[in-house]
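Here is a short tour to follow in your viewer, one selection at a time.

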Amino acid sequence: MELTLVRQDLFQTSTTARKCMHLLPGKKRQQKIVVGDASGSLMCVGMRREVVEPVFKTPEVSRGEIGRVEVSADKATDTARIFWASGMTVNGITGKGKEFLRFNTNLAEPIRSMHVIGEEIHTGGEFIYNQFVNCKEAEFFMVRRTQVSAIIAAPPSIPSLHQEPLPSPSIHLPLPMH
């Protein structure tokens with residue numbers, strides 16, 4: 001049995017950083033992919049029946065490359081919100097391409113990692129972690145001897161995070177006989 005593989009280009013983009021491509025959630029028959037590139041442009045394409053259709057593309061910005069893209073999905077309305085960081089600026093756009101958020105974080109270093117939960121945006125640079133709630137700085141932490149490599153935050157609705165810790169079980173070991 002011989003398998004013949006053929007290259008098929010779906011779309012082209014300039015170079016990208018890590019974590020700058022995401023698959024958008026959805027139950028429809030069209031699968032959507034969002035990609036942020038080094039030119040500062042965010043592009044979303046959809047694929048339906050092996051045909052690639054452009055959904056939206058933001059204009060290239062002079063702020064530089066997109067360093068991180070995150071997708072936050074609202075399960076109640078089945079909509080996706082796309083956030084991306086370019087330098088020290090965080091932007092937000094809907095799954096249809098309408099911009100709803102743009103704010104300058106006034107950080108001292110570019111954003112390299114980011115996580116979004118509801119109205120909270122967690123950002124990390126090389127040595128600094130920040131938490132923003134409703135676009136206002138709420139928490140700050142500076143790392144001294146190592147670097148921030150990734151940020152993952154659990155939503156507050158997980159009950160195990162808010163329960164009292166279970167008491168440790170009593171352990172009875174037999175005493176050695178002399």
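A salt bridge is a side-chain nitrogen of Lys or Arg within 4 Å of a carboxyl oxygen of Asp or Glu. Keep that cut-off in mind for the second stop. One note before we start: what you have open is a predicted model.

**The whole chain**

Begin with a cartoon view. The protein has twelve strands and zero helices, so reading from the N terminus you pass β-β-β-β-β-β-β-β-β-β-β-β. Of its 178 residues, 33% count as buried. Among contacts with a separation of 6 or more, 34% come from residues 24 or more positions apart.

Now colour by pLDDT. The mean for the protein is 79, with 81% of residues at 70 or more.

**Asp37**

Next, select Asp37 and show its side chain. You will find it in the loop that joins β2 (31-36) to β3 (42-48). Which side chain of opposite charge is nearest to Asp37? Lys57 is, at 5.6 Å. Since a salt bridge needs a distance within 4 Å, Asp37 has none, although Asp37 is buried.

**The aromatic pairs**

For the last stops, show the aromatic rings. How many aromatic pairs does a search of the whole structure find? The count is two.

Select Phe83 and Phe100 for one of them. Their rings sit edge-to-face, with 5.6 Å centre to centre and 85° between the planes. This pair links distant parts of the chain, as Phe83 is in strand β6 (residues 79-86) and Phe100 is in strand β8 (residues 99-104), 17 residues apart.

Now move to Phe103 and Phe132. This pair is edge-to-face too, at 5.5 Å centre to centre and 70° between the planes. Phe103 belongs to strand β8 and Phe132 to strand β11 (residues 128-133), so the pair ties together parts 29 residues apart in sequence. Both Phe103 and Phe132 are buried.

How values were computed: Residues are numbered from 1 along each chain as its sequence is written. This is a predicted model: local features need pLDDT of at least 70, side-chain atom pairs count only at pLDDT 80 or more; totals for chains, interfaces and linings use all residues. Side-chain values use heavy atoms; hydrogens and water are left out. Helices (H or I, at least four residues) and strands (E, at least two) are DSSP runs, numbered from the N terminus. Buried means under 20% relative accessible area, exposed over 50%, partly exposed in between (1.4 Å probe, protein chains only). Lys and Arg count as positive and Asp and Glu as negative; His and the chain ends are not counted. pLDDT is the predictor's confidence in each residue, from 0 to 100. Rings of Phe, Tyr and Trp (its six-membered ring) pair if their centres lie within 6.5 Å; planes under 30 degrees apart count as stacked, over 60 as edge-to-face and the rest as tilted. Contact means heavy atoms within 4.5 Å.
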